Amino acid sequence: MMRPTMLLIIIYALILPVIGFGQFKVAPLGNTIYEGVFTGNGLLGTMTYLSSKKSVRIDIGRTDVYDHRANSEDKLFDKGRLSLGYFDLDLGSAIVQSRGDIYLKEAYAVATISTDQGQIKVKTTTLSNDNIILLEVLKQDFKGKYSFNWVADSAISPRMKFSYTQKPKAYLANPAGKNGQQGHIKYYEQALIAGGGYTTAYLLRSTKDMDTYVITVGYNQKSADFTQETLAYLLKFGAREISTGLKEHRQWWTSYFKASTLELPDSTYQGFYDMQLYKLASATRSDKPAMDLQGPWTSPTPWPAYWLNLNMQLAYSPTFKANHLDIANSLIQMIDQNKHNLRLNVPEPYRYNSIAVGRSSAPDLWSPVLLQKGVSLEKASDGDKELGNLVWLLHSYYQYYRATLSRDVYDRLFPLLKDAINYHLHLLEKDQNGKYAIAVKTYSPEYSKGFAYNTNYDLSILKWGLRTLLELDDERGGNDPLHAVWKDVLAHLVEYPQNTDGFMIAKDVPYEESHRHYSHLMMIYPFYDVNWDQKENRALIEKSIAHWQSKKQWLQGYSFSGAASMYAMMGRGDAALASLDILLNKYVKANTLYAESGPVIETPLAAMASIQELCLQYWNGILRVFPAVPSKWRDLSFTHFLADGGNLISAQRKNGNTVAVEVKSQYGGTLKLKLGMLNPIVKIHGKGTYTKQEDGLIRLELNKGTIVAIRESK
């Protein structure tokens, strides 16, 4: 009999050699953020790359520095993310060679620069538990002299710098920032018209071989004393405090990487996956702002905001299986803190019981949706006509609930989802066939002709929301006054529009032109409403995906992560890997960032989720272990992937066969497993029972804390 601890020892033995991850290399360093090395603590961040033939640039970012003017139609300008600036390290001599290394487990980055005056290294560490950046210049092998200066960006929405964006008719610039010095501290302060401002401050501590710049960024939307607050914070960090901060920094990251592990037989994908784990915790934390499209790493961009019709959802998609609810919580907090604005986002007649969010917003989620019966919106912005964004965002909230089974999370989620679905219900009418249809035109994201009736985007989102409300209400006895309404609408909702090519964009709108977004296919993924278990729908699934992918002109990176996840649902690991190969080889940058006109963080993170789905999937009530492993990935394993119901799953695959699986039930409950084992031997440690079903599934009934060890009989 194999004890559960012994099973984990075997799995960990395979994984421990790669837990340190070593280094992620970027060689040579380039002249953009996509060829640099980066750090972050969820609030502050650095990006180091080259700025000229003789200088190094170290960008500094703070994720919550947004302009915060009163609500207006020009929210991407009046409420845009603001770029801080960078330190310019001028070496005074030509750079002949460069490379960058990110030490993932220890969470620091080093740029190694060779010149005709010797070699100099620039090491950056963004302390995990303090709003402090350590920028160390290691100069023992450098004979020359360098200069070090702060270059501030103007406090203007980056969207102003792009010719194709529609600018506001009147845009009042923020006042010019100014340099200052107080004692040994140098600083740059930037006041904002809307109130408050931000300050970048730094001081130098030197030894013979190393210069250490201690840096912080302060931000306050209300106080006029934001500079003095920033300087006072910086002064607290002497040598002892920095030493303590570094110790806590290493402890934090060590603990973070232990939450789950994945070992892949492909070094490229292993390095990519590990970098996404590092990137997540660099970009956000449980107590930090939610990830926008940039994280802490800013660059000229037309996207200085949160995008809510795909980007946020994809960015957070890998956090659950990775067992990092600490990362997911930043999104949950953002939603909880802005319920008032979510209500203001719907037209006034519906506000008494409805909430919504449009395409993009600042951290306050103010983004009106204008859809209303009897109101023409032909001339309105497309983003103001997207109905389903909030419900899709709440899909992440629901996954958070199912991973925690927390009563408190339930009590917050249920009324949010109920009010979000209420807005949809206001816009429904029964047609002549007794079917509920969306009675106003809505916009299917990204499709040029997508303003139409009954978009598949909104129908798939609505169906998921209705099913989920019924499920959640049943957990509490099914007593909600709207329970019968949800059930009736779900049973009599119009069918998904389709034609001979598969799923259409909307009623009377076929898929005819290239379309990067899979908004018309979300019933396949991520909602699995139309899925591979339904044999009658397999041909429909295949031709819908094939037709979407056949029009290649406007496909982008996340088109291939989405396709990979769909292929994974079909059990086609080789097709999924081929799609991911295109993404990594064609779209992902040298340091695994991604761009479409400017930095957008979601696509590599969505690919991380696709990789997880090759190893573990949950849909149609079944947890599937190694459901779509590529044929050339013979040996792989993972530990403590977090699954529905709060179950922690570990598994090992050897020579193309699944040989061991462990389930740890954190909260108790029922779980159906599909393992692909020919003759599984099940051992339960704790209280619980199992049943081998005729369809090859294993049904577990487990108490809280019970561990199940399953291995293939030899």
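I looked up Arg 343 first. Arg 343 is partly exposed, at a relative accessible area of 28%. (Buried means under 20% relative accessible area, exposed over 50%, partly exposed in between, with a 1.4 Å probe and protein chains only.) I noted that this is a predicted model, where local features need pLDDT of at least 70, side-chain atom pairs count only at pLDDT 80 or more, and totals for chains, interfaces and linings use all residues. Residues are numbered from 1 along each chain as its sequence is written, and side-chain values use heavy atoms, with hydrogens and water left out.

**Partner of Arg 343.** I found a salt bridge from Arg 343 to Asp 419, with the closest N and O atoms 2.7 Å apart. (A salt bridge is a side-chain nitrogen of Lys or Arg within 4 Å of a carboxyl oxygen of Asp or Glu.) Arg 343 sits in helix α8 (residues 339–344) and Asp 419 in helix α10, so the pair ties together parts 76 residues apart in sequence. (Helices are DSSP runs of H or I, at least four residues; strands are runs of E, at least two; both are numbered from the N terminus.) Asp 419 counts as buried, at 15% relative accessibility.

**Helix α10 again.** I then checked Asp 336 and Arg 412. Their side chains meet in a salt bridge at 2.4 Å, N to O. Asp 336 lies in helix α7 (residues 325–337) and Arg 412 in helix α10 (residues 407–426), so this pair also joins parts 76 residues apart in sequence. Asp 336 is buried at 18%. Arg 412 is partly exposed at 26%.

Next I looked at Asp 211, which forms a salt bridge with Lys 139, the closest N and O atoms being 2.9 Å apart. Asp 211 is in strand β14 (residues 210–220), and Lys 139 is in the loop between β9 (133–138) and β10 (147–152), 72 residues away. Asp 211 is buried, at 5% relative accessibility. Lys 139 is partly exposed, at 23%.

**Salt bridges overall.** How many salt bridges does a search of the whole structure find? I got 31. I also noted a network of salt bridges linking Lys 25, Arg 99 and Asp 101.

**The whole chain.** I listed 16 helices and 33 strands. The radius of gyration, taken over C-alpha atoms, is 26 Å, close to the 27 Å of the globule rule for 714 residues, so the chain is as compact as a globular protein of that length. (The rule is 2.2 Å times the number of residues to the power 0.38.) The C-alpha trace spans about 75 × 70 × 45 Å along its principal axes. Buried residues make up 61% of the 714.
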